[in-house]
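I opened this notebook to keep a record of what I looked up, entry by entry.

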Amino acid sequence: MLNRLFDNLRTAAAQGIRRIIRRLIQWRQNQWSERHLRRLRLTPSFCPKPWLHAHVDAQGARRLCCIDIARLPTSFAECSKPLDEYWNSEEMRDVRRRMLRGEDLARCRNCRSDEKNRQRSERDLALLEFRDWVPQIVAQTEENGSTTLRPIDFDYRSAVCNFRCRICTPRSSSALQAEHAAQPEIAEALGPWAGLGNHERQQAESLMDQYREHELLRAVELGDLRKIYWAGGEPLLDPVHTKVMRNLAHSPKASAISLTYNTNLSRLRVGGWNWLESLMAFRRVHIFVSVDGLGEIGEYLRTGFRQEVFDENFRELQAWRQGRSRQVTLDLTLNLLNLYHLEPMMDFAIRERVELDAKLMIESLANSYLMIELLPRALKDRALETALCAIDKRGRPEELLGLRRTLQLALSRPSWEESLSPSEYQAKCARALRQWRAFEKLRPSPTTLQSSLPETAWGALPFSQPSLEFTGTHPDQPPV
């Protein structure tokens, strides 16, 4: 018995020392990277992504990156450009010229310090990841903004999804698209994409699927491809993902490619293909498991989430990565509801020894009613401080550092009541009320927002009047 105790103590001590060493190495790398970037005298608006990164969003639109807020496409022509045509188009040349001149780009607003949804923005992360490429970027860019560089980092998405997450938007989920299209109260969230006829939209999606597959395999053939980020939608349901990955898994070039996933972990196999086993051939693999809560909270926030399925697949994921340098991170979107139910997620992350990272919600026309900014500032900050205290009581473990940084970022944000004019605040509250009513009717459940929030939080919301009664039958659920 004493031998077992000493073994456990030695193991715990060794793990603690390894954690301290990893933190020191990461801190040193970040310090060096930031000094290096300052020496390069980059303009405040410069980002390497327009030179090295290719992105197709879940609706088939070419963008600078996943948080680019450029105007949404409204025609087949805008949704059907091949990469070769887009890469040195006037749009891309203009973006590069303006970044090198230091001009502020409105479409890059979500990376600004007051609007980013993580402690480090996409631009911050890209600058650190591609810091060694900066001299080459400058040298290989013409005065007109064209570049001889080709993308090495790809993020090609599909909207095919089997979940209807309340924090998501119809642009990223085929299941949500069907639901919103059938409900006038929330149909505005579909945006201009809904203006395309069904035939035109299907034609654009089919063509972009062909482009995505061809361009990824072509990048491998040319030796350009260094990294793929698979997200969606749900990447395991994306036929292009399956075709490309089955091809790459048997390629000798796979050992030079890094993979990052964002998956809801609802499945690990496609037909007879074992997804996890196919990942063994690649250089590095980082799997972000998209989950916003456990048990009833998780099932309320993500229609389609089942705790027992998640548990089974997570156990298999953990067994697969045992003894291998494969990273798994729980990816949580902080919202009004899970802000009050974070401790079970904290304990799960510590027990499983995986990082619990978090990001703030970016408001859309579909999810205003779950924004933490709906709460009065004092109540919002009190809930955030309670969550931070819960992390401190657990000894600020390494697994919760990402969550802690996001909670601190949320503390710096004002509530809508204090940051908006009275008319703007009333308009946002009216939209939130309309959304909440629509979803309560669409998705009847024993778990409700009111029953899951503390009375003080619920009472402070603009739709805190007694529960509304809905008459008539509930519409059939859209196909998933």
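How many aromatic pairs does the structure hold? I found nine aromatic pairs, where rings of Phe, Tyr and Trp (its six-membered ring) pair if their centres lie within 6.5 Å, with planes under 30 degrees apart counted as stacked, over 60 as edge-to-face and the rest as tilted. I then looked up Phe154 and Tyr156, whose ring centres are 5.4 Å apart and whose planes stand at 80 degrees, so this pair is edge-to-face.

Before going on, I noted that this is a predicted model, in which local features need pLDDT of at least 70, side-chain atom pairs count only at pLDDT 80 or more, and totals for chains, interfaces and linings use all residues. Residues are numbered from 1 along each chain as its sequence is written, and side-chain values use heavy atoms, with hydrogens and water left out.

I checked burial next (buried means under 20% relative accessible area, exposed over 50%, partly exposed in between, with a 1.4 Å probe and protein chains only). Phe154 is buried at a relative accessible area of 2%, and Tyr156 is buried as well, at 1%. Of the 480 residues in the protein, 50% are buried.

I also recorded one aromatic cluster, formed by Phe305, Phe310, Phe314 and Phe348.

Last, I looked for charges over rings (NZ of Lys or CZ of Arg within 6 Å of the ring centre and within 35 degrees of the ring normal). The charged end of Arg96 sits over the ring of Trp87, 5.0 Å from its centre, and that of Arg166 sits over the ring of Tyr300, 3.8 Å from its centre.
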